[in-house]
Amino acid sequence: MRFGILVFPGTWSDKDCYYQVKDILGQDADYVWHDETSLDGFDSVILPGGFSYGDYLRPGAMARFSPVMEALDKFVTTGRAAIGICNGFQILCESGLLPGALLPNKDLEYRCQPTYLRTERSDTLFTTVCSQGQLLNVPVSHGEGNYFADGETLIKLEEEGRVIFRYSDASGKATPESNPNGSANNIAGIINESGNVLGMMPHPERSCEMILGSTDGNLIFESIIESCRRS
Amino acid sequence: MAVTQEQLDEIALSRAEYDLIVEQLDREPTPVELGMFGALWSEHCGYKHSKPLLRLFAQDDSTQTSNRVLSQTGAENAGAVDIGDGLAVVFKVESHNHPSAVEPLQGAATGVGGIVRDILAMGARPIALLNSLRFGTLDDPQNRHLFHGVVGGISWYGNCIGVPDVAGEICFDESYSGNPLVNAMCVGLVKADNIATSAASEVGDVMLLVGAGTGRDGIHGASGLASRTFEEEVELRPTVQVGNPFLEKVLIEACLEALGTGLVNAIQDLGAAGLTSAAIESVASGSRGILLDLSKVHQRELDMSPYEVMLSESQERMLLVVAPENVSAIKEVMKKWDVACHEIGQVIADQIAQVSMGASLVADLPIGPLAEAPQYRLEGKPSLEDRDRQKLELGSVPLPTDGPEAILLRLLASPNIANKKSVYRQYDHQVQTNTVVGPGSDAAVLRVKGTDKAIAVTIDGNGRFCQLNPYQGGLIVVAEVCRNLSCSGAQPLAMTDCLNFGSPERPDIYHQLEQCILGIADACRVLGVPVVSGNVSLYNESRGHAIYPTPIVGGLGLMEDASKATRSAFAGEGLMVALLGAVTDQGDSSDLAGSEYLQQIHGLVAGSPLIDIDLEKRVQQACRDGINEGLIMSAHDCSDGGLAVALSECSIQSGVGFIGEFPVGNRWDLTLFGERQSRIVVSFRESSWNALQSLASNLNVPMIKLGTTGGGRFKIDGQVDLPIEQISDGWNNGLEAVIG
């Protein structure tokens, strides 16, 4: 299958994502510059991490106005999968494709550290090769990853089973200590109502080889590939 | 023009230097010309006091003939080293001490930005950042302010540009109060055939200024901040530059894309002394001249004078030298990235610099005198106090009544030894997905994609040792850097250094500078690692006191098989632990010289540290061979805090206990906390003991068994018996407890 990797000025995980899907998982991949107006020909789109436009106003607040975001709107209405990682998640929230917002971390400091993600559902486009409750060893690296939504939205997200990944400890418990940024309900990743747009703060592209400490991040992309093959 | 002393002070030139300029020009310089001389003849750009001493690095041929070195030291923006497979690693360390003292966040941030552009100017993609930081003790709120600002600045700038910050060191000592040291190192990777040059040598080529607009920030940064002692800090605030990491990130991508077209003939970064030094150094190394029109420089402030444009140190700017027919292609690349790009000058055959603002000529100078600052060879002499400090009688150091356990816990919690995680978790150390071993180990290890190889990088310094014995201190700092690389399994290849000293015009400081350089040069010769790049930061003084002489050395090592990289933490339960190297059953007072123990527990900075550099070489060889042969499973340099602290760190980092059974004399402080050099703690399977022993003895390296790993306690027979949680708590929380 063919992945499109969006590149905004200031994006920096683009090459890491490319390496993972192309060199590790053997898929086709192309970079898509932010002023492109079409995403035709791609089976799935990745919004990588970084500091688009320096995150100077708010993370993602400028990037959402890039021409490629209109193309993304159309792309996701076709049901194909889009995944926003870190700054990509922030852009998806700013653009309204996902609810809520990413606030500054509770300690008001950048955090680059390992985290465990508890897989809350194994029946989504992004988790089909995972098992229910499986723990993924995937690191975070961000200054503003504290997921926030109003009470009503949070209830809706939980009731509809749209929280896909939750920060947890090594035994799978979602404790305050295992929450690196203060996110509501230990939320690390959510999907949209149709289930084809995932936003997550942790970086699955950094868990792609054992020499880097973990291959758990591959499971998310393998799930996308598997879902695409089945459809 | 009658130049006043005040004007000369502003640009840090002496009256004699001014007279020399007049003599060489055969006339009085214009104000712009004088400003250009002041910048290029500053200590920071011109190396007036250090250049004659830096030649000591090159005196011995054996360090320079390493066939891996692809650049001539000082000729380009950074050193380049061949790592095989058609690839080269480019690296350099640079100081940003004075700006960080004035405005810590921006000072440290722009220090990172500046060193990254040096690497970019070699045509390399920046792949790693390291930093070495020194502050006064944290009980002083001003030092805490500087610490938080500097760490915040590195985090802010480094994270935004997508270059992992993989290793570093932090040290606290009263000596750096008010004059912090902020040394940033950057490592880049480039195809060996694509290394770029800064030399503009084609007549008719166009100079393109790309990146940020030029503003009034940083004027006199080189001459004012970096080349004088540092007393009137409040007045200097406007001379600190302000960084824009987003623009830096875009500039990196735009310049690499431009270089990738093959149409860029030369590239130079704008650092200290801004456009003046970038343009003049570029044509000077190409033996050419230049016409510059300052009205073409894109400015972000109104009505800037030619003087201000020439001396501005606005960040995130690069100079590209391009043939006229290729200008439009390069402009297209810059347009894609929304990076401003303007034709500001032309390379000419005559070796002169003619600078105009529109129609009016504001400077007309020969390149030669501009690029050749006067050089001073002074006479160094140690002070009496320096000599007195070297005396240390063991009898005058009482054995602490508290006992070894209490001393160990105090040392583990000392901010100099304690875990630095609360700092490095603020730095992205994984982006670019090459980090095999990240911060917290002896060296960081980065795999090289597309090969089986990895590089190891580390940065280190020891101001206390250099203060007590500058020559031995110089030897030791290089030895320790190479030891750190060897502990990860890597073969040390080359070094970069940043020489942080007080005013060289003082004989005792000049002596320190000279002796440290001699020590570094000798260690490099013995260990076979050339110094390929570096930077000098003099006049580090505040409140009338000079800092400890503090050469900071960054090291590059190579391993053929990335999967063999070792860490400092014990590699598991049930392993044997041994000490490789200078075994200390009978220690002497030199083991305590300059030690953390002597300072923390006895409030003393005394003694004369020593190293046997030939033994050091063999110890490192044994460690690397043991790792390569699959015998050694973890290795940790025995340094700050001595053997007991090194063993504790191996235990804490792995969560595995230790049962120590080795002889400890009556002076347990010597054995447990002495900092004798050339020692490495290794863990391995018991079945490897014989093979390791014969490996060591073949290299004439002593080795003794220290104990075994396992259980939940940290024990040293008859001395220490503590639960791991207790030693971990002190080590993990020591730094956070004092930074508040």
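Arg134(B) touches Glu169(B), Cys171(B), Tyr176(B), Pro180(B), Leu181(B), Gly461(B), Asn462(B), Thr550(B) and Ile552(B), leaving aside residues up to four places away in sequence; contact means heavy atoms within 4.5 Å. This is a predicted model, in which local features need pLDDT of at least 70 and side-chain atom pairs count only at pLDDT 80 or more, while totals for chains, interfaces and linings use all residues. Residues are numbered from 1 along each chain as its sequence is written, chains are lettered from A in the order in which they are written, and side-chain values use heavy atoms, without hydrogens and water.

Arg134(B) lies in strand S3 (residues 125-135) of chain B; helices (H or I, at least four residues) and strands (E, at least two) are DSSP runs, numbered from the N terminus. With a relative accessible area of 2%, Arg134(B) is buried (under 20% relative accessible area, 1.4 Å probe, protein chains only). Its side chain makes the polar contacts in the table. A polar contact is a pair of N or O atoms within 3.5 Å; within protein, one must be able to donate a hydrogen and the other to accept it, and residues adjacent in sequence count only if both atoms are side-chain atoms.

| Side-chain pair | Polar contact |
|---|---|
| Arg134(B) and Ser132(B) | 3.1 Å |
| Arg134(B) and Glu169(B) | 2.7 Å |

At the interface, 31 residues of chain B are in contact with 24 residues of chain A. The area buried between the two chains is about 2300 Å², 60% of it from carbon and sulfur atoms; buried area is the accessible area (1.4 Å probe) that two parts lose on being put together, summed over both. Phe246(B), Arg425(B) and Thr433(B) supply 24% of the area that chain B buries against chain A, more than any other three residues. There are 3 salt bridges between chain B and chain A, a salt bridge being a side-chain nitrogen of Lys or Arg within 4 Å of a carboxyl oxygen of Asp or Glu. Arg206(A) forms a salt bridge with Asp428(B), with the closest N and O atoms 2.8 Å apart.

Definitions and conventions. Buried means under 20% relative accessible area, exposed over 50%, partly exposed in between (1.4 Å probe, protein chains only).
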